[in-house]
Amino acid sequence: MKIIITGGAGFIGSHVVRRFVRNYASYQIINLDKLTYAGNLANLKDIENEANYRFIKGDITDALFIDALFTEERPDAVIHLAAESHVDRSISSPLEFVMTNIVGTVNLLNAAKKYWTGEQRHNRFYHVSTDEVYGALEETGVFTEETKYDPHSPYSASKAGSDHFVRAYHDTYGLNTVISNCSNNYGSHHFPEKLIPLAIHNIQNNKPVPVYGKGENVRDWLWVEDHARAIDMIFHQAKAGDTYNIGGHNEWKNIDLIKLLCAIMDRKLNRQKGSSAKLITFVKDRAGHDLRYAIDSSKLQKELGWVPSLQFEEGLEKTVDWYLANEEWLTTVTSGAYQDYYYKQYGKTEK
Ligand code: NAD
Ligand code: TYD
C-alpha cells in the first residue's frame with residue numbers, strides 16, 4: 001500500500017509518519033509537506049533513510065501540483081494532516097486558513113475523486129480534524145460525534161468547512177472517507193507557539209509565561225503518540241463515512257496546567273521551588289476564546305478498543321525531558337521568523 005501523509009513534517013504528522021514507517025515495512029509512506037514555519041524535516045531525522053519512506057515538498061493549495069502528484073504516484077490512501085493549525089495566527093490571517101484548510105483539502109478530495117475510479121473508489125481518504133469544530137462547552141457536558149458543529153475561531157471554522165467537504169465527497173461521490181476529531185495534543189516536536197512548548201521554552205529562558213485572561217479556560221490534553229495510535233487504528237478499521245472522537249478524559253484549567261509545568265521545571269532545572277511560577281504573567285485574553293473543550297471518546301474505546309496509554313503528569317514530564325534534551329531543535333525553530341511572530345503576538349510581556 002502506498003500512502004500519502006500530508007503535513008508529515010509538522011507536530012502530529014511527524015508522529016504519524018514515524019509510526020507508519022516503523023510499524024508497516026510493507027507500506028510505502030510519502031510525506032507531502034510544504035515546510036511552512038511549522039514544518040521541520042528535523043522532526044523525522046530518525047527515519048529519513050528508511051526504505052519505505054520518502055519526502056515530497058509541495059503545497060496542497062496548488063491544484064495542478066496535487067493532480068500531477070496523483071498521476072505520478074497513484075497512491076492507495078491519503079492521511080491528511082496538513083493545515084494551518086494555530087488559533088492566534090488564524091485571528092490575524094484568516095484567509096491563509098481558508099486556503100490551506102479548505103481549498104487544500106478540496107484539492108486533495110478532487111484528485112482522489114478523479115483518480116480513484118472503479119475498485120479504487122474503496123481507497124481510504126482519512127481526514128484528521130479537531131474537537132474545536134464543535135465550539136465551546138460551559139462547565140459541564142462533553143463533545144460526542146453527534147454534537148452539532150459550532151466553530152468560533154477562523155481556525156475552527158476552516159477545519160469545520162474542510163470536514164463538511166470531506167463528508168460531502170463521501171455522500172455525493174462515494175469516496176471512502178473517515179474523519180477523526182481530536183482534543184489538544186502535547187508531546188515532543190510541538191512548535192513553541194502553542195501553550196505547553198511555549199511555556200517550557202520561556203521558563204527555561206526565565207521569560208514571562210503569558211496566560212490569556214484569568215487562565216480559567218479548560219483544554220482536554222492527549223499525548224501525541226496516543227493520537228497517532230488512534231489514527232492507525234481508525235485508518236485500518238473504520239467504516240467508510242465514519243467519524244471518531246479522540247481524547248484522553250484529561251481536562252485541565254490553563255492556570256493549573258501551567259502551575260504543574262512550573263513545578264516540574266523547577267525540579268528538572270534544580271531551581272528553588274516556586275521560582276518558575278513567578279514567571280506567570282496574565283495577558284490580554286484571546287478574542288472569542290473558547291471556554292472549555294472536553295471529548296467523549298467512548299465510541300473509539302468501545303468499537304476499536306483504543307485507550308490512552310499515559311497519565312498526564314507522566315506525559316508532561318516526558319515532554320519536558322524531551323525539550324531539555326533537544327535544546328538545538330528549540331533554538332533552531334525559535335530563531336528568525338519566530339521572533340517577529342512572538343513580538344507581534346505578545347509585545348513586551350516583561351514584568
Ligand atoms: P502543525 O502546524 O504542527 O503542522 C502542520 C504541517 O502542515 C506542517 O508541517 C506544515 O508545513 C504543513 N502544511 C501547512 N500548510 C501546507 C500546505 N499548504 N501544503 C502542504 N503542507 C502544509 O499542525 P499539527 O498540530 O501537527 O496538526 C496536524 C493536524 O491535526 C491539523 O490538521 C490540525 O488541525 C489537527 N489537529 C491538531 C491538534 C493539536 O492539538 N495540535 C488537535 C487536533 C487536531
Ligand atoms: P493553544 O496551545 O494555542 O491551543 P488551542 O487554542 O488550539 O486550544 O492554547 C491552549 C490554551 O492555552 C488556550 O485556552 C489558549 C491558552 N494560551 C495561553 O493562555 N497563553 C498562550 O500564550 C497560548 C499560546 C495559549
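**Stop one: a loop residue**

Select N123, which sits in the loop between α4 (94-115) and β5 (124-130). Keep in mind as you go that this is a predicted model. Is N123 buried or exposed? At a relative accessible area of 12%, N123 is buried, since the cut-off for that is under 20%. Now show its surroundings: leaving aside residues up to four places away in sequence, N123 touches P75, D76, W116 and N176.

**Stop two: strands around β2**

Next, pick residues 28-33, strand β2, where 5 of the 6 residues are buried. For a landmark, find I5, whose bridge partner in β2 is N31. Then bring in helix α1 (residues 11-23), and you have a right-handed β-α-β unit made of β1, α1 and β2.

**Stop three: salt bridges**

Switch to side chains now.

Start with R18 and D46, whose closest N and O atoms are 2.8 Å apart in a salt bridge. R18 belongs to helix α1 and D46 to the loop between β2 and β3, so this pair ties together parts that are 28 residues apart in sequence. R18 counts as buried at 11% relative accessibility, while D46, at 40%, counts as partly exposed.

Step along to R19, which meets D232 in a salt bridge (2.9 Å, N to O). This one links distant parts of the chain, with R19 in helix α1 and D232 in helix α7 (residues 224-237), 213 residues apart. R19 is partly exposed, with a relative accessible area of 24%, whereas D232 counts as buried at 5%.

Now jump to D88 and R286, another salt bridge, at 2.7 Å from N to O. D88 is in helix α3 (residues 87-92) and R286 in the loop between β13 (280-283) and α9 (298-304), so parts 198 residues apart in sequence are tied together. D88 is buried at a relative accessible area of 6%, and R286 counts as buried too, at 18% relative accessibility.

**Last stop**

Finish by selecting R267, K268, E317 and D321 together: salt bridges link these four residues in a network.

Methods. Residues numbered from 1 in each chain as written. Chains lettered and ligands numbered in written order. Predicted model: local features only at pLDDT ≥ 70, side-chain atom pairs only at ≥ 80, totals over all residues. Heavy atoms only, no water. Helix = DSSP H or I, 4+ residues; strand = E, 2+ residues; numbered from the N terminus. Buried < 20%, exposed > 50% of the residue type's maximum accessible area, 1.4 Å probe, protein only. Contact = heavy atoms within 4.5 Å. Pairing = 2+ DSSP bridges. Right-handed = clockwise from strand over helix to strand, strands pointing away. Salt bridge = Lys/Arg side-chain N within 4 Å of Asp/Glu carboxyl O.
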